[in-house]
Amino acid sequence: MKKIILILICSLGLHVIHAQEWDSLPQWEYVNTLQNEWLRRICTQGLDTVYVVGENGLIARSTDRALTWDKQYPINTHLNDIIFCNHKTGFAVGNDGIILKTIDAGDTWGQINSGITENINAITATGLDNIWAVGDNGTVLHTINAGDSWITENVIVENRNLYDVEFKDTLGYITGESGKILKTTNKGTTWQEYLAFENIPQYAGIYSLCITENYTYALQNAYNGVAEGSVVFTENNDIWSTLDDSSIYFYKNGVYFLNDIYGWVCSIAWTTGSNWVLSLHQTYNGGVSWTENYNTSGWYLGGNISFRSNFSFSKDNSFGYCQTGQILLRTPYTGEFATDIKQVHYSDILFKEYGGYLQITNCQQEISLIRIISFSGTIICEKSYNSCIDMNCLPQGAYFIYVYFADHTTGIYKWLKN
């Protein structure tokens, strides 16, 4: 009840202020300019610049709001997070204790000795004189000299994996496995450890931290079939509660609040045919209710998504991004990118192409076999029904698609790969 009362008060103030700005930004669009890369974190800088890090040492930078990208691989280790302390100076962290630093806005990256070999999962900063990173087996790193040297801080009792770290002014949190949380109110000079949620197994935990003006939001992992990715919050008083997010049926893998009342949840669900559906829900009232405003139903995502996602918004909040696995979304919808999904109808046959994968469906009769044949007559591949076809390896051009039905009839269709 306390939460609802505060939301009503905020609605008279903050929501009115942001209504004109945000009511026109509900829709997301698929960013198709960074395909076939496994992404792990996204970070905006200023108004138009976006950075992502990912597997195999990927660091990609866009200076035109994700329309084009400059990619580099300064190291071959998976990178897990990236931040910028100012326009020029940024840090990327990853597995095996990797810390990279740039002082030229990402033109070049140099490796810094972290002194550890544990995986580093997250990094944040209040300034160049106060940067924190956390990782596996209780790793907590701190630097006060712009990353030139790092100190290992012994601030937790047990060696458990730490997933996230976040600061807002002097307030900071570190979260990880087993429901325990570290909190500081003095920029990390001292930390208090406490148990936010009881009876959470070691493999579960809390992640996806987001600190607003009056609250801190996060996700509590799924465990034992209970509280699958539940959105949790605190009024920064060491008491954590669960929001009513029962309208979101999917597995929640990321949460972000722009302010006390306006936020999003990214979630995923398993469907038939070895496929996943991704969904975004938004709230205008601090999480009291949620409305779905984007989903990929009908796309073939396969396994190209992650059980972790994150959001990032430009400095003026005019553009926002959501990343999970190989999927990158942007809001608001502008139409600058190609259509999310290519669809072609032949009578009652529906062809759907997403990310280079082709899915063929027919609701009228059962399909037993799908065969792709080149114009020269060469059989390219054969797939049974419910198997999506990977078209990425095929050159551009036209193909014949033979669809064999269970009643022993055959349909022949033409497919153009752009």
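# Reading a predicted chain of strands

Author: Among contacts in the chain between residues at least 6 apart in sequence, 47% join residues at least 24 apart. The model is a predicted one.

Reader: How many helices and strands does the chain have?

Author: There is 1 helix, along with 36 strands. Of the 418 residues, 55% count as buried.

Reader: Why is Leu162 called buried?

Author: Buried means under 20% relative accessible area. Leu162 has a relative accessible area of 1%, so Leu162 is buried. This residue lies in strand β14, which covers residues 162-168.

Reader: What does Leu162 touch, apart from residues up to four places away in sequence?

Author: Among the residues it touches are Asn121, Val134, Asp136, Val140, Ile156 and Ile174. Val140 is 22 residues from Leu162 in sequence, and their C-alpha atoms are 8.3 Å apart.

Reader: Why is Leu195 called partly exposed?

Author: Under 20% would be buried and over 50% exposed, with partly exposed in between. Leu195 has 42% relative accessibility, and therefore counts as partly exposed. Leu195 is placed in strand β17, residues 192-195.

Reader: Which residues is Leu195 in contact with, leaving aside neighbours within four places in sequence?

Author: They are Ser178, Gly179 and Lys180. As for Ile239, 44 residues away along the chain, its C-alpha atom is separated from that of Leu195 by 9.5 Å.

Reader: Which strands does β20 pair with?

Author: β19 (residues 216-220) pairs with β20 in the antiparallel sense over 5 bridges, and Gln220 stands opposite Ser230. β21 (residues 240-242) is joined to β20 by 3 bridges, also antiparallel. Here Thr234 stands opposite Trp240. β20 and β21 form a hairpin with 5 residues between them, and Asn236 in the turn has a positive phi of about 60°.

Reader: What is known of the hairpin of β26 and β27?

Author: There are 6 residues between its strands, and Asn317 takes a positive phi near 65°. The two strands run antiparallel and are joined by 4 bridges, with β27 covering residues 320-324. Ser312 has Tyr321 as its bridge partner in β27. Within β26, Asn310 and Ser312 point one way, Phe311 and Phe313 the other way, and all are buried.

Reader: What makes a set of residues a nonpolar core, and which members of the largest one touch the most others?

Author: The members must be buried residues of nonpolar kinds such as Leu, Phe and Trp, joined through side-chain atoms within 4.5 Å. The largest core has 34 residues, of which Trp28, Trp264, Leu278, Leu280, Phe311 and Leu329 touch the most other members. Elements that give two or more residues to this core include β19, β20, β23 (263-271), β24 (275-283) and β26. A second, separate core of 16 residues includes Leu358, Leu394, Phe405 and Trp415.

Reader: What volume does the largest pocket have, and which residues lie nearest its centre?

Author: Its volume is about 1200 Å³. Of the 44 residues that line it, Thr124, Glu166, Phe167, Tyr256 and Ser312 lie nearest the centre. Among the elements that give two or more residues to the lining are β2, β10 (120-127), β14, β22 and β26.

Technical notes
Residues numbered from 1 in each chain as written. Predicted model: local features only at pLDDT ≥ 70, side-chain atom pairs only at ≥ 80, totals over all residues. Heavy atoms only, no water. Pairing = 2+ DSSP bridges. Buried < 20%, exposed > 50% of the residue type's maximum accessible area, 1.4 Å probe, protein only. Contact = heavy atoms within 4.5 Å. 1 Å grid on protein atoms, 1.4 Å probe; cavity = no way out; pocket = protein on both sides within 12 Å on 5 of 7 lines; lining within 4 Å. Points joined across faces, edges and corners; volume = space filled by probe spheres on them.
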